[in-house]
Amino acid sequence: MARCPKCDRKLHIWNVKAECPDCGVNIANYDWENRLEQDAIEAEAAFAKLRETMKKFRYSFIGTKLRIARIPISVLPLFSFLLPLGTMAVSIPFCNENITINAISLVMNIMNFDILGIFKAPASDIIGDTALRFMLSILFVVLSALSLLVSLVFLMLNFKKFNSLGLAITNFIASGMMFASAFCFSQFSAMMEASTLADAIQCGPSWGVFVSGALFLVSSITNFMVSRQKVDLDSFEKDKETKEDTEITEEETANA
């Protein structure tokens with residue numbers, strides 16, 4: 001709610017006149033020189049704060065060669081979910097199919113599953129342990145994929161903290177979950193081979209899950225190295241200004 005700049009009276013929505021209903025001063029023109037100067041000071045302070053924020057934002061992403069390399073290294077694990085994470089061969093009457101498990105096939109199959117039935121399966125006395133291993137292998141993959149979104153949000157909101165270990169820890173946990181997924185799926189495969197369904201269903205982890213785990217680990221190590229780097233904003237800005245001056249000089253020389 002607005003106030004009169006002279007008497008500090010609260011102005012309501014129905015006070016549509018230019019004059020204050022109490023002191024009668026013209027609100028728009030009252031002490032306009034000082035108010036204009038104050039607005040200029042506040043605008044300059046806000047611009048300086050914005051410039052400092054943008055400087056830190058640029059440095060967080062392109063401040064050093066390692067920070068530049070971190071960008072593609074952090075994105076690579078996303079594409080690893082398109083690799084074959086596991087295989088499953090089903091051979092039963094009227095159905096003989098080889099399935100390659102990756103992010104796309106997981107989403108398509110989960111949409112066709114009875115979700116409530118999946119969660120009830122581990123409680124079964126007959127297939128409980130086997131179903132639990134299968135569910136954990138999928139859950140670890142899903143959580144690893146979600147960690148990429150968490151990492152992106154964390155990086156965008158926490159870019160001012162150059163020495164933060166958040167991304168390194170997140171990616172390290174994601175790497176561990178991918179290897180844990182491979183372990184659980186291997187146990188699921190072993191249990192299936194020991195059951196009466198050994199001839200009907202054959203499955204196991206594929207090379208893609210290990211590649212994904214390794215890429216997460218590389219990303220974790222890279223982010224750890226970035227967090228340990230010495231921060232030198234002044235040198236970064238100086239190099240940036242020198243580069244811009246050089247480009248301007250070259251452009252002027254070319255136009256001449």
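## A walk along helix α7 and the spaces around it

Helices here are DSSP runs of H or I with at least four residues, strands are runs of E with at least two, and both are numbered from the N terminus.

Before going on, a word about what you are looking at. This is a predicted model, in which local features need pLDDT of at least 70 and side-chain atom pairs count only at pLDDT 80 or more, while totals for chains, interfaces and linings use all residues. Residues are numbered from 1 along each chain as its sequence is written, and side-chain values use heavy atoms, with hydrogens and water left out.

Now step back to the whole chain. It holds eight helices and three strands, and from the N terminus their order is α-α-β-β-α-α-α-α-β-α-α. Of its 256 residues, 30% count as buried; buried means under 20% relative accessible area, exposed means over 50%, and partly exposed lies in between (1.4 Å probe, protein chains only). The accessible surface comes to about 17000 Å², with 64% of it belonging to carbon and sulfur atoms. Among contacts (heavy atoms within 4.5 Å) with a separation of 6 or more, 64% join residues 24 or more positions apart.

Back on α7, which residues are buried? They are G208, V209, S212, G213, F216, S219, S220, T222, N223, V226 and S227. Take S212 as an example: it is buried, with a relative accessible area of 0%. Leaving out residues up to four places away in sequence, S212 touches P77, S80, F81 and M178.

Another helix, α6, contains N171. N171 counts as buried because its relative accessibility is 4%. Apart from neighbours within four places in sequence, N171 is in contact with S151, F216, S219, S220 and N223.

On a 1 Å grid over the protein atoms alone, a cavity is a set of points where a 1.4 Å probe fits but cannot get out, and a pocket is an open set with protein on both sides within 12 Å along at least five of seven lines; lining residues have an atom within 4 Å of a point. The second largest pocket has a volume of about 560 Å³. Its lining has 23 residues, and S74, L78, A145, L148 and L149 are the closest to its centre. Helices α2, α3, α5, α6 and α7 each supply at least two lining residues, and α5 gives the most, with eight. This lining divides into 17 nonpolar, five polar and one charged residue. Here Ala, Val, Leu, Ile, Met, Phe, Trp, Tyr, Cys and Pro count as nonpolar, Asp, Glu, Lys and Arg as charged, and the others, Gly among them, as polar.

Finally, how many cavities of 30 Å³ or more are there? The count comes to one. The largest cavity holds about 130 Å³ of space, and of the 15 residues that line it, R70, L155, K161, S164 and L167 lie nearest its centre. Helices α2, α5, α6 and α7 each bring at least two residues to this lining, and the largest share, three residues, comes from α7. The lining of this cavity divides into six nonpolar, six polar and three charged residues.

Terms used. Accessible areas come from the Shrake-Rupley method with a 1.4 Å probe; for residues, only the protein chains shown count as cover. Grid points are joined across faces, edges and corners, and a volume is the space filled by probe spheres set on the points.
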